[in-house]
Amino acid sequence: MERKPLSFGMTMLASAVGVVIVSALSGIVMFISMICMIISMSSMGDSEITAVKSGTFLTVDMGAISGDRVSNRLFASLNDEKSVGLIDAVNAIRAAAEDDNVTGLLLKGDDGVNISWGSLTELRDAIAEFKAAEKPVVAYATSYSQGEYYAVSVADKVCLHPSGMVAFRGIGGEVMYYKDLLDKLGVEMQLIRPESCSYKSAGEVYTLNHMSDANREQIRAYIGSVWHTATEQIAASRNIPVNELNTIADDLSGFMADGAYEKHIVDTLCFEEDVRQMLKEQYDGKQLMPIAKYIGNVKSVPNKAKDVIAVIYAEGNVMDGSSKSFDEGVYGDDIVKALKKAAKDDNVKAIVLRVNSPGGAATASESMTHAVMAAKEKKPVIVSMGDLAASAGYEMSCMADVIVAQPTTITGSIGVFGTIPNAGKLVNQKLGLHTDTVCTNRNAAGMSIFRPLSPTMKALWTRNVEDFYKVFVGRVAEGRHMTYDEVHKIARGRVWTGADAIGIGLVDTLGGFDLAIRIAAEKAGLDNYKVKDYPAEKDTWTQLAELFGSSTDDDLNLMAKMRLVLRWKATKDDFKALTRLEQDIRYISTSEGLQARLPYVMVSE
């Protein structure tokens, strides 16, 4: 019997039914996969123990160290990231120095670094302590970024691929300016800052097309300070005079592999297989162990001490409110809550506030500063500065009992500014749009982005920034036991390195996180104690609940999020770039009110 072909309508209906069935089956498969993944991930403890055999070389991938701590382990693992936090890495290296099963340390370059000079100094100090335990330290890379080289230059042997490079060229400060672009678009950025804050240059990127004299002066000073510290330390480790290092940087004579070897920037040119053979033959290195695995062992060591030193991490841009889901940054409400909780906990005898922030919202900064003052009344508060502790990052630090910074830390920038766009020309002349107003009062539309600020509104904003600057300087004067005039002289938005800040009273001592912990213990009179993070790192179940529950990504439904988790795999570099872009866009789009922050990020490459 001859079959008649289906009509167009029946064909479409059959296709639609098929799509629905396939989608349903796909969803079921994805759901089952998700359940399996959750079970698998929840079974992996954050402190998974791996046996350390005799003759182990601990391997440190320089590019895997990202930030003070890895707060989003779930997202990192989903994207094949093997990131480790700086503090975990440093603690692991120090523990390995006393571990009889760990024979030596292998430092691997190639991927550049995700940390800046302050963190690199902390890492380098830990490597130097390991070496002081009379255990070998070997470094290898196909190419070293400048930051990588600074950190590994303390090694016993620095090895380089025969066709590799060492980017040893000095530090340059480069700032991008947007004024001409905004002029072409028809947007005027109205910058409001205290008249005396000539060094507070964040808003200048919108109003100038070149560095101001004050900004050029401070950039030259702090990059010179960082370079001085770096070359002094490299010179001591490599036995190369500082003036010779500067000559090598100037003429790039140590950039290519053969030049790096001739100038003693590196010790040998070889392949990675040669390094592994060297570890076996010269140091009896039987196997390699990634530091990420060794960290689990360190964290798994039981500590039954009752007394606690609480560590509160303030890393990223300062923002108002509380973090949601995978948000990253220093959220004022979160830090205030952590400080209050640590201050009320009878087991907590001292607090270490780890600050790694360029600053941000002035209101959040004030809230956190008040919380530090309240906590300080109950127990010692010590600040440990990382790469950056500037602007709002410095205000929250200034009330601590002791401030510890690296010589290469960027700090200070005591100042404030506000920027308000006027896009009237853009919408009127470029887009052909026009606005008109009806107001009940003279300044009802005084904050419109389509016209300049009214004289009264501009005067109000000017008074606002002037008043907050006085509050900021007053806070520093109180916390650092200085007069207002003494602080104002070194404030005005100026940036300092830790090495310079200690001489002008903004910092008490130079050192890293470990020193801050020791000072906290001494202040609290503790001999036996344990260190506890506030807030604690979220476990897998909590992060999954936030991802699929209370997420700020309202445009993503549950199925879309499952696809994101199960199917999307960005490369390591793509994921880093996307993460940074997302953070920058989110910060810019949510920034309101007065800002106390740096206009740039210090990088070490």
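**Stop 1**

Select the six strands that form an open sheet in the order 6-4-3-2-1-7; their pairing is parallel. Strand 6 (268-269) and strand 7 are the edge strands, each pairing on one side only. Helices (H or I, at least four residues) and strands (E, at least two) are DSSP runs, numbered from the N terminus. Two strands pair if DSSP finds at least two bridges between them.

This is a predicted model: local features need pLDDT of at least 70, side-chain atom pairs count only at pLDDT 80 or more, and totals for chains, interfaces and linings use all residues. Residues are numbered from 1 along each chain as its sequence is written, and side-chain values use heavy atoms, with hydrogens and water left out.

**Stop 2**

Select strand 2 (102-108) and strand 3 (residues 137-144). Four bridges join these parallel strands. Click leucine 106: its bridge partner in strand 3 is valine 138.

Stay on strand 3. Six of its eight residues are buried (under 20% relative accessible area; exposed is over 50%, partly exposed in between; 1.4 Å probe, protein chains only). Now trace the chain from strand 2 through helix 4 (residues 117-132) to strand 3: this β-α-β crossover is right-handed. That term applies if, with the strands pointing away from the viewer, the path from the first strand over the helix to the second runs clockwise.

Alanine 141 has leucine 160 in strand 4 as its bridge partner.

**Stop 3: helix 12**

Select helix 12 (residues 291-300) and show Ile291, Tyr294, Ile295, Gly296 and Asn297, which are buried. What do these buried residues pack against? Their partners are strand 1 (56-61), helix 3 (86-97), strand 2 and strand 7 (287-290). Contact means heavy atoms within 4.5 Å.

**Stop 4: strands 5 and 16**

Select strand 5 (residues 188-192) and strand 16; they pair in the antiparallel sense over five bridges. Methionine 189 stands opposite proline 421 in strand 16. In a regular strand the side chains alternate between the two faces of the sheet. Strand 16 (residues 418-422) has a covered face of Gly418, Ile420 and Asn422, and an uncovered one of Thr419 and Pro421.

**Stop 5: two positive phi angles**

Most residues other than glycine have a negative phi. Leucine 252 has a positive phi of about 55 degrees. Look for leucine 252 in the loop between helix 9 (242-251) and helix 10 (257-262). Serine 413 also has a positive phi of about 55 degrees. Serine 413 is in the loop between strand 15 (410-412) and strand 16.

Which of them is buried, and which is partly exposed? Leucine 252 is partly exposed, with a relative accessible area of 42%. Serine 413 is buried, at 2%.

**Stop 6: lysine 379**

Finish in the loop between helix 14 (362-376) and strand 13 (381-390), where lysine 379 lies. Lysine 379 is buried yet has no salt bridge (a side-chain nitrogen of Lys or Arg within 4 Å of a carboxyl oxygen of Asp or Glu). The nearest side chain of opposite charge, aspartate 346, is 5.8 Å away. Lys and Arg count as positive and Asp and Glu as negative; His and the chain ends are not counted. Beyond neighbours within four places in sequence, lysine 379 contacts residues including Ala342, Val348, Ile351 and Asp401.
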